[in-house]
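Visitor: Please put the model up. I will ask what lies behind the terms used to describe it.

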Amino acid sequence: MKQEVYDVVVIGSGIGGMSAASLLTHEGYRTLVVERLPQIGGRFSTVEYKGFKLPTGALEVEAMGLIAELYSEVGAGFEVRPLAKLCYRIGGEDVPMLYKGGLRALLLTASEDEEVTGRVMAALKRGMGWEEPSNSISFREWLSEYSSNEKVLGVFQGMIASFMGINAYELPAGEFIRWLKITRSYPAIYGHAPKGNLALMESLAKAMRAQGGEIWTRCETKQILVTDEVARGVVVQTDKDEMEIASRVVISNAGPQKTVELAGSENFDKGYLKQMKESLRPASSIMIHTVSDRPLLEHADSLILTEARRVNWIACPTEACPELAPPGKHLMVSYSTPAFNFPPYDFAQEIAWHLQDLKENIPRFGSEGDILAVNCFHGEWPAFRTWLGYDLPQKTPIENLYNVGDAVKPSGRTGLPASVASGRMVVEDVKSRIKPGEA
Amino acid sequence: MVVVDEERCVGCGRCMAFCPREALWAWGRVRVDTRKCSECFGGVYQFEQNAPLQNRESLLDTVATSWTRLCLINCPVGALRVEEE
């Protein structure tokens, strides 16, 4: 068996793994990313189908914030075109989400009542400024103390399902307040990558390689090597060989359950295994790609539904980035969340409801839309590896073995920035403990 | 012939995008059009390209040679396999 030696090996090239890998490479650590699939990016990547560049999971990207900061720090190109308009559909009206005062405007439209709006806004402000609500109740339960107006509840349901992939009655109340506080700290400008999200990941990879980092694709990790409760490296299978790679640090972006499987459950204490089993709640989603000769959304290129039975978010990325489709064609991507994020799922029914929502909310969907693909995310390949508030720590019981990604995200973070944040946290810990070149 | 393990398949549809013959269709779960799925040797590496055709079947899914189906190697959960017809 061949052998190699690195400072850090990262298993998996999702945004969490690549964040950690690119930052560590930038700091001078000899870093290798091993990716099982032929292309990088995981659920933040692109596949090309019939001339359309389709997302493999996440679609919109924050144009400012943690992701942009990462790319800037490691010297990677970051091309994201902002959305033209994000709207919430309330009572049949498409209400723009303004950068300042947007939430108040949505609630006023929903409630048509200044007093209710004021009461809810005051409660949110108090939660952010004085004391967060307890995580022992759901956000919906907490909110219903201030308003029972279904349209008001619908605004938050649409927002939570779109950004977090779960329902308002599944999200711990404190987590929402923490997320809201973080989100309001910088302009929430979203956009699309004109060449697809794979291009963004390849830009990060290019920056990493330029600084000496390596990325091996078609390279499956078979084992994480552990001796005396310390991670020592990995065994991987490439196209040609099985190889042993020694490293001081192993960072896994494969999800905590896969990490345990690779390292051997006998190397983890019972408490961690119990915590993992009881905490992790993968969130499921259905994503439908519809193509047309004219844009199917009338007033926005990103629309959050607040009163549909399942669909929470509809985006038309080709409005900002026509390059994502063949000339003259338009792409619409819609997402829905099951009513309960617990298996078993009846995906046939969920898809039927998703399509029904599209027919009822997009007037020309039936006459002008052609469904290109219906994608489901759950189980081993979920929309989110765990609900907000149900995360594990990045450190594992095995010294120098970390997890990154959306099962170990810091509190109050969701989606892509959450995975980037987890990567940064691991990098800071590695830097505090191990110097580059000690391999 | 490519076969889908329906218990492992999550329906993400990546395989569909990589199939050169459009033999896969994702609608909640993935289905294989058996009329289109055959004789597909979408090898990522070409160093076995001179192997005689009658020998290629025996090389399928052999990691050392890289002659394998694009759908298989792009499945994130390993839900596809090749079975003798």
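**Contacts, core and strands**

Visitor: Leaving aside its neighbours within four places in sequence, which residues are in contact with A:Val9?

Guide: A:Val9 is in contact with A:Leu32, A:Val34, A:Gly233, A:Val234, A:Ile245, A:Ser247 and A:Val250. Contact is called when two C-beta atoms, placed from the backbone, lie within 7 Å. This is a predicted model, in which local features need pLDDT of at least 70 and side-chain atom pairs count only at pLDDT 80 or more, while totals for chains, interfaces and linings use all residues. Residues are numbered from 1 along each chain as its sequence is written, and chains are lettered from A and ligands numbered from 1 in the order in which they are written.

Visitor: What makes A:Val9 stand out in the largest nonpolar core?

Guide: That core has 159 residues, and A:Val9 and A:Ile160 touch the most other members. A nonpolar core is a set of buried Ala, Val, Leu, Ile, Met, Phe, Trp, Tyr and Cys residues joined through C-beta atoms within 7 Å. In soluble globular proteins, nonpolar side chains tend to be buried together.

Visitor: A:Leu32 and A:Val34 were both on the contact list of A:Val9. Where do their side chains point from strand 2 of chain A?

Guide: A:Leu32 and A:Val34 point one way from strand 2 (residues 31-34) of chain A and A:Thr31 and A:Val33 the other way, and all are buried. A strand is a DSSP run of E with at least two residues, a helix a run of H or I with at least four, each numbered from the N terminus.

Visitor: How do you know that strand 2 of chain A pairs with strand 10 of chain A?

Guide: The two run parallel and are joined by 3 bridges. Pairing requires at least two DSSP bridges between the strands, so they qualify. A:Val34 has A:Trp216 in strand 10 of chain A as its bridge partner.

Visitor: Why is strand 7 of chain A called largely enclosed?

Guide: Of the 5 residues of strand 7 (residues 86-90), 5 are buried, so the rest of the structure largely encloses it. Buried means 20 or more other C-beta atoms within 10 Å of the residue's own, exposed means 12 or fewer, and partly exposed is in between. A:Leu86, A:Tyr88 and A:Ile90 point one way, A:Cys87 and A:Arg89 the other.

Visitor: Which strands pair with strand 7 of chain A, and in what sense?

Guide: Strand 15 (residues 302-305) of chain A pairs with strand 7 of chain A in the parallel sense over 4 bridges, with A:Tyr88 opposite A:Ile304. Strand 8 (residues 93-96) of chain A runs antiparallel to strand 7 of chain A and is joined to it by 4 bridges, with A:Pro96 as bridge partner of A:Cys87. The hairpin of strands 7 and 8 of chain A has 2 residues between the strands, and A:Gly91 takes a positive phi near 60° there.

Visitor: Why does A:Ile371 count as partly exposed?

Guide: A:Ile371, in strand 18 (residues 370-377) of chain A, has 15 C-beta neighbours inside 10 Å, so it counts as partly exposed. Beyond four places in sequence, A:Ile371 is in contact with A:Ile288 and A:Thr290.

Visitor: How do you know that the size of chain A agrees with a compact globule?

Guide: With 439 residues, a compact globule would have a radius of gyration near 22 Å, and chain A has 22 Å, so they agree. The radius is taken over C-alpha atoms, and the rule is 2.2 Å times the number of residues to the power 0.38. Chain A holds 13 helices and 19 strands, and 56% of its residues count as buried.

Visitor: What makes up the side of chain B that touches chain A?

Guide: The contact takes 19 residues from chain B and 23 residues from chain A. Helix 1 of chain B gives the most to the chain B side, with 3 residues. That side divides into 13 nonpolar, 5 polar and 1 charged. Ala, Val, Leu, Ile, Met, Phe, Trp, Tyr, Cys and Pro count as nonpolar, Asp, Glu, Lys and Arg as charged, and the others, Gly among them, as polar.

Visitor: How is chain B itself built?

Guide: From the N terminus on, the elements of chain B run β-α-β-β-α-α-β. Of its 85 residues, 33% count as buried.
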